[in-house]
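Got a structure open and wondering where all those labels come from? Let's take a few of them apart.

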Amino acid sequence: MNVSIVGAGMIPVREHWSKGIRELAAAAARLALEDAGIAHVDALYVGNAYGATFNQQTQLGGLIGAELGMNGIEAFTCEAGDASGGVALRTACFAVESGLVRSALVVGVEKATDIVGPARVGARTISLDADLESVNGVTMTALAALVMRRYMYQNDLTLSDFEGFSINAHRNGAVNPCAMYRNRLRDGAFAKAPMIADPVSLFDCAPDGDGAAAVVVVESELAADMVPRPVQICASAVATDRFMLQDRDDPLQFGAIEKSFFGALEQAQLGREDIDLFELHDAYTIMTTLALEAMGYCPSGAGWTLASEKGANISLDGDLPISTFGGLKSRGNPGGATGIYQAVESTLQLRESAGSNQVPDARRALIQNIAGPGSTVVTHILQRQPDEA
Amino acid sequence: MLDQESQDSETLYSRAKGYQSAMVGTVYSYTLLQEPPLGYESQAPYYVALVELDDGGLVTAQLTDIDGSVQIGDRVEMVTRKLTTDGSQGMIVYGYKFRPAL
């Protein structure tokens, strides 16, 4: 793909009580524009999932464009539930690759904490099947729990077998100033945490947070003249599965992850071993487990083994670094902004400006943004832009 | 229009219309949900399950009338129950839940 990231910015994931959705988005957008060294872009694409139910606010493209003073700009929202950020980035790739747009600003934003408790839980179920899941009082956490329980049953596992994923996420999040929960997890705490939907506990489930992240993308040739270390988007692939778990032949096989991942590898003409780090959609440890299996890094039923020894294999200096800035678990889960946080974090990694979160010699990063229980999956592969590109 | 109708007749939904399931099955997986969405607070915590029907297919539903614990493989049957109410004056939403097979 002939598209590169030349600017990246993010604000900490927090409970930003004093800021509205437009202020959050604009703050991240200004950081990305400043990073790119430009003041204007041709188009603005917004990744947001829950503006309608969290904030009673749609048409965010126009709203945020106006907040940024970009009067007249092409601007609209891209929505695919929690994968909204990912599809917004892909939309920018379409626009720039086609030549219709020279430069695009992609902002992922979510303002979750305007509502709390059952109201927020209910507002999040809008991305599930309203007629057959949500009406039965089913939530995303419940679906993750159903998958995890069955997985534990079939593979004869205990809760502790998954703790390494959360320990690793918090180890990395603890040194990320933008992470929401910068605490480390003590050994054994995972299995003792209060249940939200057993076997999914508080320390298994990513916390809702307010956040915004942004990137500026342009054609790769242009990027090389704009900034010293552009990051190329060398693959972009979206796949969907049968929407509900109940309609799949095997609810423990996330087919859309497989399809999206191998589609991305094929586009980039890369192999599985060429990826140096992974920002997976670790909203629940079972999601990471099944993603690693669907991508072929482990056989079916063995994804949890990568969490062993407190996640040594998936740490910053391990073989498969995952959630390098804390992932959704520790950095926080800002809904439709997640996919752009992943893009910003990977951009910092590939520029070797990730500070304490740096993965040594990171050349290629995979970012994967998922909605529902693997219902929509967006995979991008980012790389240090080669000099000749 | 005719073409469109003949295409619709091929959908899974249309083919399933009129088919009467046995409405009994086994628990394929389950969870006890502690954080309910708006409109379901009074029932929480409640069980949510994937039920594997005897004549095929999985259904996502709440378990009800549970006295004691639930295990994967438990026999359950479908019953009609109130799911939620749209406020104190609002419409009652009825649907299906599963209870231990009698």
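Below, some labels are checked against their definitions.

This is a predicted model, where local features need pLDDT of at least 70, side-chain atom pairs count only at pLDDT 80 or more, and totals for chains, interfaces and linings use all residues. Residues are numbered from 1 along each chain as its sequence is written, chains are lettered from A and ligands numbered from 1 in the order in which they are written, and side-chain values use heavy atoms, leaving out hydrogens and water.

Q: Why is A:Gln349 called buried?
A: Buried means under 20% relative accessible area, exposed over 50%, and partly exposed in between (1.4 Å probe, protein chains only). A:Gln349 has 0%, so buried it is.

Q: What makes H14 of chain A, where A:Gln349 lies, a helix?
A: Helices (H or I, at least four residues) and strands (E, at least two) are DSSP runs, numbered from the N terminus. H14 covers residues 338-350 of chain A, and A:Gln349 lies in it.

Q: Which residues does A:Gln349 touch?
A: Contact means heavy atoms within 4.5 Å. Leaving aside residues up to four places away in sequence, the list includes A:Leu277, A:Phe325 and A:Val359.

Q: What makes a group of residues a nonpolar core?
A: The group has to be a set of buried Ala, Val, Leu, Ile, Met, Phe, Trp, Tyr and Cys residues joined through side-chain atoms within 4.5 Å. The largest one here has 74 residues, and A:Leu89 and A:Val215 are among those with the most contacts inside it. Helix H1 (residues 21-36) of chain A gives the most to this core, with nine residues. A second, separate core has 68 residues, including A:Val147 and A:Ile275.

Q: How do you know that strand S2 of chain A pairs with S3(A)?
A: Two strands pair if DSSP finds at least two bridges between them. S2 (residues 43-47) and S3(A) are joined by five bridges, so they pair, and they run parallel. In this pair, A:Val46 stands opposite A:Thr77.

Q: Why are S3 and S9 of chain A at the edges of the sheet?
A: The open sheet has nine strands in the order S3-S2-S4-S7-S1-S8-S11-S10-S9 (chain A), with mixed pairing. S3 (74-78) and S9 (277-279) each have a single partner strand, so one side of each has no neighbour in the sheet.

Q: What makes A:Asp198 and B:Leu32 a polar contact?
A: A polar contact is a pair of N or O atoms within 3.5 Å; within protein, one must be able to donate a hydrogen and the other to accept it, and residues adjacent in sequence count only if both atoms are side-chain atoms. Here the backbone nitrogen of B:Leu32 lies 2.7 Å from a polar side-chain atom of A:Asp198.
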